[in-house]
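Hi,

Here is the structure I promised to pass on to you. Have a look at it first, and then read on for my notes.

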Amino acid sequence: IENSLEWERSRLDKEQLEAVETTEGYVRVVAGAGSGKTRTLTHRYLYLVKEMGISPANILCVTFTNKAAAEMKKRIRSILGGDDSGYISTFHGFCVQFLREEIHVLNYPKEFMILDEDDQKSLLRKAYADLGFSLKDLKISSVLDFVGGRKANDIGYVSLFAEHLADEVGASAAENAPAVENEKREHLVELADEAPDKWMAVYYRYLYEQKKNYALDFDDLILVTLYILENFPEKLDKWRKRMMYVMVDEYQDIDGQQYCLADLLSSYHKNLFVVGDPDQTIYGWRGADINRILEFDQFHKGTKTILLQNNYRSTPSILKVPDAVIKNNKYRIEKVLRPVRAGGKTPVFYHAKNTREEAKWIVERIQNAVQNSVKNGAGGVHYKDIAVLYRMHSQSRSVEEALMSESIPYKVYSGVGFYQRKEIKDIICYLRMLVYADDLSFIRTVNTPKRQFGPKKMAILQAFADTRKVGLYEALLEIVYEAGRLNDVAPDVTTQAELSSVGNDHRKIDFDCKEFLSRSNVVEYVKLIEKYRSRYKDMRVSELLSKMLRETKYEEMLRLDGDEDRLDNLAELKQGILEFENYYEEDASLDEYLQNIVLFTNADEDSQEKDRVQLMTIHNAKGLEFPYVFVCGLNEGFFPVKRVQNKMQLEEERRLAYVAFTRAENVLCLSDAEDGVAGESGSRYPSRFLLEMNMDELDVARGFSDDLLLAARAFIAESDRNRDLMNDFDEDESLGAVKKAPTAEFAVGDRVVHKIFGIGTVSGVDKKNFCYEITFDKFATPRSIQFDFPLVRG
Ligand code: ATP
Ligand code: MG
């Protein structure tokens, strides 16, 4: 009964049930953290399938992370049995599914390659080299941003590197495709040559490299999908008819393109269900806009809005903390959130002298929690129940050191792709060689392990490939052929066909092929790739991996180096592949696997499996919950971060704080440090978010002095003035906040601090002229100060 639908239903409250059962039309669920939004979404999916008989193939369910998608699939499978769970994925994951089916209209193969950031940088470096630019001319990371921005601003770019093949003419157009392809590529080179500036030149060259490799980057996944939907009416028709129900979790954080995608896909049946919490918009810097959920009803006629008002996650004493903080945001709509749980432990605050001491305190508490719970028997706290959250990745270091010195197992979720680790990427590139034989993978693998194929040979090969206008690997094949080493290469149909096409175009090779191949094991490499290139479609991915690891001698190389960590990682990769095969059963093709793994980061890995403390940024903790949560580094300049430049950004930081504090179920511990390292004291101030809390409602393990509090307030006021944070929102910018005449915040007798004059006592309040009369300690006579001048309570 554990997994039956009836059991689920009995665990939904009235509003949740209403959200589940309102299946038709536009429905918006707005609710605070821990109110069961995600749970409602999952249940609604089950309801559609189980109670309404809708096929999963007609439901699109979008989650914010791959991990959330995997979890939802798992739950749904456990209840629905082996039913195909259709389209449960992130927006990017959905686009991969879509493009596998449709990208042929752009004359791209369904096995297109997906570039991760590393690959993108490699392509850019190649573009630089071809243009004769140096890294000093343009920073790679800025160009990456430029390319992304450029694409997002003009989706028409897709036509520059893609063909338009309508379905009907597909067959005939495909015949001249190679010629058209070449034309398109040349056009990109021309555009680069004629570009008005270096940025645009690199941009076009990057598109050229992409096209050459049939590669899409992450931005393309969404943009190309939109492009196809917008330019091929029959495709739009097919997909919007298919998607009878569209559901989106964490709707408050979708960007403009994702918003369009959800709208397009639901534009036929008009069943769009979105859930979100405006107070948890934390991706503004990546294009999220709080207004998309707030104004959803204005753009979706007949929207039904359902508010969930219970919090099932946290104890009441924990909930007071995020509540007290988020209240300070002006741009928000107030929500009611009733804690369902009772009582609970008071959240703890600790003010450390420096970050090392802060980390030590955290680790001590972790040890105590786990040990005490062992003593008290069942139902105790395990390492895996504990999360340490911080604003920036760099803040994990001191905590890691302290955990290590006490031999406490932990895992850092860096958000960096698991597949970006060197050994993983290397072996993935071997697998990529079988499918794409692209330049990126070739360069990465040909001389790893060492095959005496160094930069000199690479340069010769590159020059040769350029004159032939082919990829590096194809050029190498031609050389091997020319040198009469073909017999060494296992003959098979594909290879023969490819080589004969190379052979037909038999121009003279102007260097000695035999000489080129001598003193190098590169022929062995070619043999290996050829052997599996023709067979990979009939082999399991796990089998291919084992064979590649062995036959490339990659594993042996690591073993000889005694590199245990890397070997462990490879073992983890194997495990991941087995899971993938398990999930997709017979459909587990290598090209599909390669497209999927690029989307994964280590934040998607299953966290609860091993008993380890979990370290992650707040962004990575989105949507998750933990019995025991530490939020550390609550210092001005760290959280909120230093780069905050305006009120909007400050409010986003505050929402981030709200997200952090609402992850906790049973225990919440907060800490800050006065100092980075031991030594120079007083270099950091407590975060304003701490000052916004009611300290009486915290269990203060160690507090800060009144002096520090005063200094912090003055520091905050001062730095806000410098950053234009003092100004209020424009009137139409702030929600429900009406611009009023300045009012008195202080009363006679209050002690206040003035930035210049120091501390003083309010000796009068002049409501007519909106002024205080303040007697400052250092002056004999009172001065008059305007109400809206920033004073802090002393
Ligand atoms: P967030 O905004 O952080 O994403 P959420 O609104 O999505 O939160 P969920 O993660 O769905 O909230 O639910 C929070 C917790 O409350 C989960 O552990 C969930 O199982 C539990 N929960 C939700 N609804 C109920 C209910 N009706 N009865 C009991 N427990 C519930
Ligand atoms: Mg959620």
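How do the residues of the shell around ligand 1 divide into nonpolar, polar and charged? Before the answer, please keep in mind that this is a predicted model. The shell around ligand 1 has 4 nonpolar, 8 polar and 7 charged residues. Of the 19 residues there, the ones that come nearest to the ligand are G36, K37, T38, R39 and Y312. Helix α3, which covers residues 37-51, gives the largest share of this shell, with 3 residues.

Next, the nonpolar cores. The largest one holds 132 residues, and the members that touch the most others in it are L60, C61, V246, M247 and L476.

Helix α11 (residues 218-231) and helix α13 (residues 256-265) have axes that come within 10 Å and cross at roughly 40°. The crossing of α11 past α13 is left-handed. On the α11 side, I222, L223, T225, L226 and L229 take part, and they meet Q257, Q258, C260, L261 and L264 of α13. Sorted by class, this contact of α11 with α13 consists of 7 nonpolar and 3 polar residues, with no charged ones.

Enjoy exploring, and write back with any questions!

Best wishes

Definitions and conventions
Residues are numbered from 1 along each chain as its sequence is written. Chains are lettered from A and ligands numbered from 1 in the order in which they are written. This is a predicted model: local features need pLDDT of at least 70, side-chain atom pairs count only at pLDDT 80 or more; totals for chains, interfaces and linings use all residues. A residue is near a molecule or strand if its C-beta atom, placed from the backbone, lies within 6 Å of it. Helices (H or I, at least four residues) and strands (E, at least two) are DSSP runs, numbered from the N terminus. Ala, Val, Leu, Ile, Met, Phe, Trp, Tyr, Cys and Pro count as nonpolar, Asp, Glu, Lys and Arg as charged, and the others, Gly among them, as polar. A nonpolar core is a set of buried Ala, Val, Leu, Ile, Met, Phe, Trp, Tyr and Cys residues joined through C-beta atoms within 7 Å. A residue is buried if 20 or more other C-beta atoms lie within 10 Å of its own, exposed if 12 or fewer, and partly exposed in between; C-beta atoms are placed from the backbone. Axes are lines fitted to C-alpha atoms, for helices over the stretch in contact, and angles run from 0 to 180 degrees between N-to-C directions. A crossing is left-handed if the near helix is turned anticlockwise from the far one by less than a right angle, and right-handed if clockwise. Two residues are in contact if their C-beta atoms, placed from the backbone, lie within 7 Å.
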